[in-house]
Amino acid sequence: MANNPIWSPMDVTFFGSQNKIVSLWGPINDETSLPIISQIMELDKLQTSYPITILMNTEGGSQMDAYAIYDAINSINTPVTVIATGLCASAGLIVLSAANYKLCTPNTIFFYHQTVMESQKGLNSLESSKGIHEAYEMLNERYDKTIINNSNISKDLWNKFFKDKTVKYFNSQEALQYGIIDDIITFKSKNINMNKYRSMYGIQR
């Protein structure tokens, strides 16, 4: 044990350059997007056949920062896999759309909603309100087109389940049905000798 590196329960050791896996965990904003962009740009320099994998669990956030990640993924030569787990909401769907291979775990929940813009302080003219309305329409149209153009969803399915929807929750099976993801990760079965496990924990029956 003395030769092993010191390990703390708070250490995140799964990610790094050895396996080309990075994480996007939590809200998407300027604080979280810059490290992701920096990491994938650096990993793109590694001359290996492995794709870059982003493990993502996000409630969404800034559309602008999501598109910064989206553009970074599309600008590199290395293929990128995004694995959605936990929650893939809002701006997370933009990042997912950039992936060459889109995966999720079985219990992932997805959340789509129309673009939300923060209230504009100092909005005191009709011209200003028109400008905000035009910006909202532009952002919402771009958001929808990003998802549509980077998935296998049909026009009929989009019109039925997403078009003009204020909010839309869906599960992993529905995401696969819609063509939002390519595959669902299948968990491997474990052959466990229950009597052996009971004895390990001092349980007798």
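## Overall architecture

How many of the 10 residues of strand E3 (residues 80–89) are buried? In this predicted model, eight of them are buried, and strand E3 is thus described as mostly covered.

The chain contains seven helices and seven strands. Along the sequence these elements follow the pattern β-α-β-α-β-α-β-β-α-α-β-α-β-α. Of the 205 residues, 38% count as buried. The chain exposes about 13,300 Å², of which carbon and sulfur atoms supply 53%. Among contacts with a separation of 6 or more, 69% are made by residues 24 or more positions apart.

## Strand pairing around E3

Strand E3 pairs with strand E2 (residues 52–58) in the parallel sense over six bridges; within this pairing, Ile52 has Val80 of E3 as its bridge partner. E3 is also joined to strand E4 (residues 101–104) by four bridges, and these two strands run parallel. Here Ala84 stands opposite Cys104 of E4. A further parallel pairing, over three bridges, links E3 with strand E5 (residues 109–113), where Ala89 has Phe111 as its bridge partner.

Strand E2 in turn pairs with strand E1 (residues 21–25), again in the parallel sense, over five bridges. In this pairing Leu24 stands opposite Met56 of E2.

## Helical connections

Three right-handed β-α-β units can be traced through these strands. One is made by E1, helix H1 (residues 30–43) and E2. Another consists of E2, H2 and E3, and a further one of E3, helix H3 (residues 92–98) and E4.

## The nonpolar core

The largest nonpolar core has 43 residues, among which Leu93, Leu96 and Phe110 touch the most other members. Helix H2 (residues 63–75) provides the largest share of this core, six residues. In soluble globular proteins, nonpolar side chains tend to be buried together.

Leu96 illustrates how separate parts of the sequence meet. Leaving aside residues up to four places away in sequence, Leu96 touches Met56, Val82, Cys88, Lys102, Phe110, Ile180 and Ile181.

## Ser151 in the H4–H5 loop

Ser151 lies in the loop between helix H4 (126–149) and helix H5 (155–161). Its relative accessible area is 15%, and because this is under the 20% cut-off, Ser151 is classed as buried.

The side chain of Ser151 reaches the backbone nitrogen of Ile153 at 3.4 Å. With residues up to four places away in sequence not counted, Ser151 touches Gly179 and Ile180. Ile180 is also one of the residues touched by Leu96.

Conventions
Residues are numbered from 1 along each chain as its sequence is written. This is a predicted model: local features need pLDDT of at least 70, side-chain atom pairs count only at pLDDT 80 or more; totals for chains, interfaces and linings use all residues. Side-chain values use heavy atoms; hydrogens and water are left out. Two strands pair if DSSP finds at least two bridges between them. A crossover is right-handed if, with the strands pointing away from the viewer, the path from the first strand over the helix to the second runs clockwise. Buried means under 20% relative accessible area, exposed over 50%, partly exposed in between (1.4 Å probe, protein chains only). A polar contact is a pair of N or O atoms within 3.5 Å; within protein, one must be able to donate a hydrogen and the other to accept it, and residues adjacent in sequence count only if both atoms are side-chain atoms. Contact means heavy atoms within 4.5 Å. A nonpolar core is a set of buried Ala, Val, Leu, Ile, Met, Phe, Trp, Tyr and Cys residues joined through side-chain atoms within 4.5 Å. Accessible areas come from the Shrake-Rupley method with a 1.4 Å probe; for residues, only the protein chains shown count as cover.
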